[in-house]
Amino acid sequence: MTYPLPMGRKFPKISVDLTKCTVPYLCKKCLQICPMAVFHVTRVMSKERRLEEMDPRVDSNYVIFAPRRDKCTVCNLCIDVCPVNAIKIEVHKPEKAKVETKGVQWGQQE
Amino acid sequence: MCFLCEQFGDTKQGKGLWYLNASNYARNMYKLRAPGEGFKGAEVGLETGARSGPSIGDLINAAEKGDFAEYDKIQQAMLARGQGSQVVPLEDADKVLELSSPIGLIACICRKDCRAIDERNELEYTCMGMGVGMLKWERWPERYKGGVKFVNIEEAKEWNHEMDRRGFVHILMLFGAPFIGGFCQCDYPDCGALRNAVDFGVGPIKGHYVASVNYDKCNGCGICAQRCQWGALKFEVTNEKANVDLFKCYGCGLCQTGCPRGAISLLDRSSVPAVAEVWR
């Protein structure tokens, strides 16, 4: 059995505010800028609407989430590029309490 | 022999390889998904891709906890759910295309999910569906939103060689074992299958070959190192040659087809004792 993931490491937690991010399939800025492609965009798949043609221009037909957050380096490119400020990344810092990054550039003081 | 060959191979044809066993392409092997099975809908949750059961997200959570036993359990469950897939080099891919009919080019769902790339016409398609399952397109065209382009064997081979030239790994997929139904063209990090294999150990199994470099012919141009999607082949600075880590090598053959001097050859995996049974 192989363990490709680093066991015991705390990965960043990425949350996307779906009330702000409503047309991700048209915007797709974060999807295309992420160097490690941690984001996924998918249709809302309910049983009733499974076979429907989903118009990406209609609000909330598509949703965005971050299934591959193990590869997130918190470079904040997605936060900078997001036009509606919907993305938040929580970084685990062992010595302090949890800190939210607010789109601060690397090396810059908060 | 990998477990797929043991289950689905035929020693009388195709050297016992499961994907050269013509009966695995037969239309009566194809099963329509039973009603109520498969995708469960949004209520199951986004992280699972609307499938029931454990997901990549659960694997990441288990790794965060450092829980090896739980990681094992989730990995086993995901492997049991997967229907099986294997990396196939270009030479074998040509033989596969001769066995299957019909062949349809379609839009890649992984690149759509991961980078929101819409492949809306036949020049952009980077995925291939094979066998009688593709005829579902006539009945449910809404399931193939980018459309389908049916091609003959020669066109399919030409397309596959073009994909190889661009640098995609060929991964053959079972759709309802033992029916062979799809041929993915993958790269890292966009492709789900390839990424699951490299990052999580739940993807396709390695191919029946490993790459080997002839140091007399290699001039250290580094083209093969650009083409390796698995992190197995690197440029060794000390002696200015390509260097393959056979334990990471998946035998996709991209380095071989890319080498301008013919310095790389594919060996049978069984001929290298240390990696003969390394399938993941």
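Which residues are buried in H7(B)? In this predicted model, the buried positions of that helix are B:Ala156, B:Trp159, B:Asn160, B:Met163 and B:Asp164. Seen down the axis of H7(B), these buried residues fall within an arc of 145 degrees, and they therefore line one face of the helix.

Just after H7(B) comes B:Gly167, which takes a positive phi of about 110 degrees. The cover over the buried residues of H7(B) includes helix H4 (90-99) and helix H10 (254-258), together with strands S2 (103-106), S4 (149-151), S5 and S6 (180-186), of chain B.

The domain assignment of chain B gives domain 1 (42-81), domain 2 (84-200) and domain 3 (209-275). Between domain 2 of chain B and domain 3 of chain B, the C-alpha centres lie 25 Å apart, and their contact takes 11 residues from domain 2 of chain B and 11 residues from domain 3 of chain B. On the side of domain 2 of chain B that touches domain 3 of chain B, strand S5 (169-174) and helix H8 (192-200) of chain B each supply at least two residues. The residues of that side of domain 2 of chain B divide into seven nonpolar, two polar and two charged.

H2(B) is followed by B:Gly66, whose phi is positive, near 70 degrees.

B:Ala26 counts as partly exposed because it has 15 C-beta neighbours inside 10 Å, where a residue would need 20 or more to be buried and 12 or fewer to be exposed. From the C-alpha atom of B:Ala26 to that of B:Thr126, 100 residues away along the chain, the separation is 24 Å.

Chain A has 110 residues, of which buried residues make up 26%. Its secondary structure comes to three helices and five strands, and from the N terminus on the elements of chain A run β-α-α-β-β-α-β-β. Among the contacts in chain A with a separation of 6 or more, 67% join residues 24 or more positions apart.

Confidence should be kept in view when reading these descriptions. The model scores ipTM 0.80 and pTM 0.85, while chain B has a mean pLDDT of 85, with 90% of its residues reaching 70 or more. Over residues 39-50 of chain B, however, pLDDT stays under 50, and for these residues the model has 27 contacts beyond four places in sequence.

Terms used. Residues are numbered from 1 along each chain as its sequence is written. Chains are lettered from A and ligands numbered from 1 in the order in which they are written. This is a predicted model: local features need pLDDT of at least 70, side-chain atom pairs count only at pLDDT 80 or more; totals for chains, interfaces and linings use all residues. Domain bounds come from an automatic or database domain assignment. Two residues are in contact if their C-beta atoms, placed from the backbone, lie within 7 Å. Helices (H or I, at least four residues) and strands (E, at least two) are DSSP runs, numbered from the N terminus. Ala, Val, Leu, Ile, Met, Phe, Trp, Tyr, Cys and Pro count as nonpolar, Asp, Glu, Lys and Arg as charged, and the others, Gly among them, as polar. pLDDT is the predictor's confidence in each residue, from 0 to 100. The arc is that of the directions from the helix axis to the C-beta atoms.
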